[in-house]
Amino acid sequence: AMDEAMIPRHWSELRLGLATLEEEQGFEVETVARTNLQLLASSLRPGPHQALLKPKLDEALSILAKSLAAMESAGQIRLRMSPLRTAMCITALSDGLTWVGLASDRPRDDISADIAAGLDCLVEAIAPTG
């Protein structure tokens, strides 16, 4: 489960975290990616899997959206869409590029660079002043 304490308060840190492919809780990247994809695939139609997953997805997207909104209010970033829509696109971009990159045996550094470049299309970092 994701909580707000897990999300960095600064865009540069969040961007780096989103673009970094690394083990999660001792599981290798490929295992995490495959499990996430299987979980989503099992939840595509209404039913018990979707009923379990939807609230967790909604919560994670809401937390990310709130963090993005706070960063925008603080003048760190400029969003091109609503915070929630941006959160959905960030999630799809990160997961999708990971799945496609791993399945096509691309180097992890290249996958990370693609995710970072995609994030830059979704979120405009504002240079700190002063």
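Which residues are exposed on the other side of helix 1? In this predicted model, they are Ser 12 and Leu 16. The buried residues of helix 1 are Trp 11, Leu 14 and Ala 19. Their arc around the axis is only 125°, so they sit on the same side of helix 1. Their cover includes helix 3, strand 1, helix 4, helix 5 and strand 2 (123–125).

Now turn to the core. In soluble globular proteins, nonpolar side chains tend to be buried together. Here the largest nonpolar core holds 22 residues. Trp 11, Leu 14, Leu 64, Leu 68, Ile 77, Ile 90 and Val 123 touch the most other members. Two or more residues each come from helix 1 (11–19), helix 3 (48–73), strand 1 (77–79), helix 4 (83–103) and helix 5 (108–122). Helix 3 gives the largest share, six residues.

Helix 3 deserves a walk of its own. Its buried residues are Leu 53, Leu 61, Ile 63, Leu 64, Ala 65, Ser 67, Leu 68 and Met 71. They pack against helix 1, helix 2 (29–42), strand 1 and helix 4. Take Leu 68. Leaving aside residues up to four places away in sequence, Leu 68 touches Trp 11, Leu 14, Ile 77, Leu 79, Pro 83, Thr 86, Ala 87 and Ile 90.

Next, the geometry of helix 3. At 1.5 Å a residue, its 26 residues should span 38 Å. The end C-alpha atoms are 38 Å apart, which agrees. Helix 3 also bends, by about 25° at Lys 54. A proline, Pro 55, follows within four residues. Just after helix 3, Gly 75 takes a positive phi of about 85°.

How values were computed: Residues numbered from 1 in each chain as written. Predicted model: local features only at pLDDT ≥ 70, side-chain atom pairs only at ≥ 80, totals over all residues. Heavy atoms only, no water. Core = buried A, V, L, I, M, F, W, Y, C linked by side-chain atoms within 4.5 Å. Buried < 20%, exposed > 50% of the residue type's maximum accessible area, 1.4 Å probe, protein only. Contact = heavy atoms within 4.5 Å. Expected span 1.5 Å × (residues − 1). Bend = angle between axes of the 7 residues up to and from the residue. Arc of directions from axis to C-beta.
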